[in-house]
Amino acid sequence: MATALKNLSDYNSENLPDISGKRFGLVVAEWNKAITDTLCKGAYETLVKHGAKPENIHRNTVPGSFELTLGAQFLAQSADIDAVICLGVVIKGETKHDDYICHAVANGITNVALKYNKPVIFGLVTTNDEQQAWDRAGGKHGNKGVEAAAAAIQMLGFN
Ligand code: RBF
């Protein structure tokens, strides 16, 4: 299991770039809102902990994870945003909706990142049940919001 091998919530905080002047866009899905709020809190606190200014962190909500891509595009196309972090929780149901949503978001935000040449981070938690989602939102598998923010910071230092 990827999480067991490398839990990025324990990311190496050495050699991270200076992000004091960087501007971040958080796109947060409202489905499973209690969990996505926790992911968002983890991402926000991680950005601030590493020097981002609160006024440079812009939080936007979208109805569900499927809309993360367009939300990310709205932000990425703005010259005022250096990195976008997408946060959502998709829980498997009786039908294959989760597959369609997850693949669409993965492809969609990849395209946005490549189109605008900016980090657009995939912070989509995809689980079989709600408990597994909580386990990844401040539970035994860390907080994927923290990891998403760490990934954004790392990518801003890419050279
Ligand atoms: N959005 C989520 O963020 N997480 C979900 O688990 C989720 N489950 C859905 C299940 C079904 C059957 C449908 C139709 C939508 C679901 N959505 C979910 C909402 C989806 O991401 C999107 O907001 C809506 O389909 C409107 O485009």
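Helices (H or I, at least four residues) and strands (E, at least two) are DSSP runs, numbered from the N terminus. The model on display is predicted: local features need pLDDT of at least 70, side-chain atom pairs count only at pLDDT 80 or more, and totals for chains, interfaces and linings use all residues. Residues are numbered from 1 along each chain as its sequence is written, and side-chain values use heavy atoms, with hydrogens and water left out.

**First stop: the ligand**

Select the ligand together with Trp-31, Asn-32, Gly-64, Ser-65, Phe-66, Glu-67, Val-89, Val-90, Ile-91, His-97 and Ile-101, which surround it; a residue is near a molecule if one of its heavy atoms lies within 4 Å of it. Colour β3 (83-91) and α4, each of which supplies at least two residues of this shell. The strand β3 gives the most, with three residues. By class the shell has six nonpolar, four polar and one charged residues. Here Ala, Val, Leu, Ile, Met, Phe, Trp, Tyr, Cys and Pro count as nonpolar, Asp, Glu, Lys and Arg as charged, and the others, Gly among them, as polar.

Next, display the polar contacts (pairs of N or O atoms within 3.5 Å). An N or O atom in the side chain of Glu-67 is 2.5 Å from an oxygen atom of the ligand. A polar backbone atom of Gly-64 is 3.4 Å from a ligand oxygen atom. In the side chain of His-97, an N or O atom is 3.4 Å from a nitrogen atom of the ligand. The protein buries 66% of the 540 Å² that the ligand exposes when taken alone, with areas from the Shrake-Rupley method and a 1.4 Å probe.

**Second stop: Asn-32**

Centre on Asn-32, in the loop between β1 (24-29) and α2 (33-49). Its phi is near 55°, a positive value in a residue other than glycine. Asn-32 counts as partly exposed because its relative accessibility is 27%; buried means under 20%, exposed over 50%, and partly exposed in between (1.4 Å probe, protein chains only).

Move to the loop between α4 and β4, where Asn-117 lies. Asn-117 also has a positive phi, about 55°, although it is not a glycine. With 72% relative accessibility, Asn-117 counts as exposed.

Definitions and conventions: Polar contact = N/O pair within 3.5 Å; in protein donor to acceptor, adjacent residues only side chain to side chain.
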